[in-house]
Amino acid sequence: MSLAEYISVFLAIIVGLAVTDLAISVHKLLRARKRVDWDWVSLALAFVMLMEVVLFWWGSFQWYRTATNLSIGGFLPDLALFLTLFLAVAAVLPDEVPADGLSLRRHYFDTASHFWTLMVLTMIILVFVLGSRHAPGASPVELLLSQWPNLALGAVMTLLIFVKRPWLHMGFVALLVPYTLWITFPFLLR
């Protein structure tokens, strides 16, 4: 096996665990559906996270396609990226539905700071570690300009860690769904 294949298999395990965690959470919610007060925000974020995991996994094939020499130290940022993404996926939906019921909206706002902190960490790794690797020789200004969508998303996500205004959270998630579909669309055609 090539280095790229070894890395792909390892990352596929993390991606598989993330998708499994999400599927199990959805399964538990559906099984206890009569005790669940449903809300679109958590479900929309679950969809976004599923698409993000698939996009990162799919994109990783391109990242490592030509890799012939990558040290463990060079791989650790990639591992950190996939692990923070896994933790964000695990945080988006509840793991259990209590016997007395569950409000998905309350769950979202109870865990929003945790979830968005993980997403900000994911963005930091994506922009500053992997962004610089995939734009070698770029000046700091060029790197930041090339990463402006991720920086903008990260800025709003940082705001969501501290601000609990429902309209801000709902508005951002409402915009995040079509944005995720927009960035996913080109991969559907390849």
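Residues are numbered from 1 along each chain as its sequence is written, and side-chain values use heavy atoms, with hydrogens and water left out. Because the model is predicted, local features need pLDDT of at least 70 and side-chain atom pairs count only at pLDDT 80 or more, while totals for chains, interfaces and linings use all residues.

Visitor: What is the mean pLDDT of the protein chain?
Guide: The term pLDDT denotes the predictor's confidence in each residue, from 0 to 100. In the protein chain, 99% of the residues reach 70 or more. The mean pLDDT of the chain is 91.

Visitor: Which element has the lowest mean pLDDT?
Guide: Helices (H or I, at least four residues) and strands (E, at least two) are DSSP runs, numbered from the N terminus. Strand 1 has the highest mean pLDDT, 97. The lowest, 85, belongs to helix 5 (residues 140-146).

Visitor: How many salt bridges does a search of the whole structure find?
Guide: A salt bridge is a side-chain nitrogen of Lys or Arg within 4 Å of a carboxyl oxygen of Asp or Glu. Glu96 forms one with Lys28, their closest N and O atoms being 2.8 Å apart. Arg105 and Asp39 also meet in a salt bridge. The search of the whole structure finds two.

Visitor: How many residues apart in sequence are the parts that Glu96 and Lys28 tie together?
Guide: Glus96 and Lys28 form a salt bridge. Glu96 lies in the loop between helix 3 (72-92) and strand 2 (102-103), and Lys28 lies in helix 1 (residues 3-31), so the parts tied together are apart in sequence by 68 residues.

Visitor: Is Asp39 buried or exposed?
Guide: Buried means under 20% relative accessible area, exposed over 50%, and partly exposed in between (1.4 Å probe, protein chains only). Arg105, with 33%, is partly exposed. Asp39 has a relative accessible area of 10%, so by the cut-offs Asp39 is buried.

Visitor: What is the angle between the planes of Tyr108 and Phe109?
Guide: Rings of Phe, Tyr and Trp (its six-membered ring) pair if their centres lie within 6.5 Å; planes under 30 degrees apart count as stacked, over 60 as edge-to-face and the rest as tilted. The rings of Tyr108 and Phe109 are 4.9 Å apart, centre to centre, and form an edge-to-face pair. The angle between their planes is 80°.
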